[in-house]
Amino acid sequence: SLQPIIPTWEDDFAGRLGLGYQWANGNKLRAVLWNYEGEQSAAGDGLPGGRLHFAVGPPIYTGGEYVGAYGSPGYFEMTTKISSQTADLAWAREQAISESFRMEWSLGLRYATFEETMDGLYDDVSSVDPDIGLVRYSAAKSNEGEMIGARVSARATYRFARSFSIGSSLGFSYLDGELTATSSLTPTGLDNAGVEPSSFAAVRDDGRSGNIFDFDLVLAWHNANDWLRFWVGWEQSAWNGIAEDLVRNFPGTTAPLRPRDSVTFSSYKLGVYVKF
């Protein structure tokens, strides 16, 4: 049986900054920037008597067989970094449905980037084996997505008390752009460095499409003149296509991975709104 290794991601800070202008008729023009960066490191041995199947880097074909596909039981060290950004420029219009209920519609442009890198090493034996370091590989992988397109969204706000409101929004982004990816495996052990060749793979696709679905729910406090607001809430953003992993499951891979074409960001949030 196969047991996947899925390290746990820690919570990392993501920031959003928005600036805009509102006319008396309710029309708005705003620009919003969002940024996230996260890093995760993991290390471990394969199960005693089993195999650790290597997931990063194309296995190396030596003419008669593939090497660098697994360790017995094997050892790994890997660091993964993710960096994501969006930049929005949108026109919006707010309408009062009733005295306490408002709707806002928004249409604009979105630019989005996603970058994932993995760097580390694999060893043929466990970390406590005296032969550790004799058959070792340096592994690296990178996936990058860059897209631009249209974004539409709607927000509903209900003022259930003089100083408090609850609101929710739903947004859709439809994007086009390119994906680039690389992956490599390099022998670095005392016995295999200089004896086995290295492997490298690169993919570029400049005709890709993707989409992003955004949802949030917030509880806000308003001051008397409504020029100052503080809010707490929760949001989720699902990125499809732009975060696809193009460099996995090469020939010689002994434990193929399921496809990965999307990632999801979700978190609790705090915010402040100031109207000048």
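## The sheet

Nine strands make up an open, antiparallel sheet in the order E1-E2-E7-E8-E9-E10-E11-E12-E13. (Strands are DSSP runs of E, at least two residues, numbered from the N terminus; two strands pair if DSSP finds at least two bridges between them.) At the edges sit strand E1 (14–22) and strand E13 (262–274), each pairing on one side only.

This is a predicted model, where local features need pLDDT of at least 70 and side-chain atom pairs count only at pLDDT 80 or more, while totals for chains, interfaces and linings use all residues. Residues are numbered from 1 along each chain as its sequence is written, and side-chain values use heavy atoms, leaving out hydrogens and water.

## Two cores

Ala112 turns up again in the largest nonpolar core, which has 14 residues; Ala112, Phe114, Trp239, Ile242, Val263 and Phe265 touch the most other members. (A nonpolar core is a set of buried Ala, Val, Leu, Ile, Met, Phe, Trp, Tyr and Cys residues joined through side-chain atoms within 4.5 Å; buried means under 20% relative accessible area with a 1.4 Å probe, protein chains only.) Strand E2 (27–45), E8, strand E10 (164–187) and E13 each give two or more residues to this core.

Apart from it lies another core, of twelve residues, including Leu52, Phe76, Met118 and Tyr122.

Technical notes: Helix = DSSP H or I, 4+ residues; strand = E, 2+ residues; numbered from the N terminus. Buried < 20%, exposed > 50% of the residue type's maximum accessible area, 1.4 Å probe, protein only.
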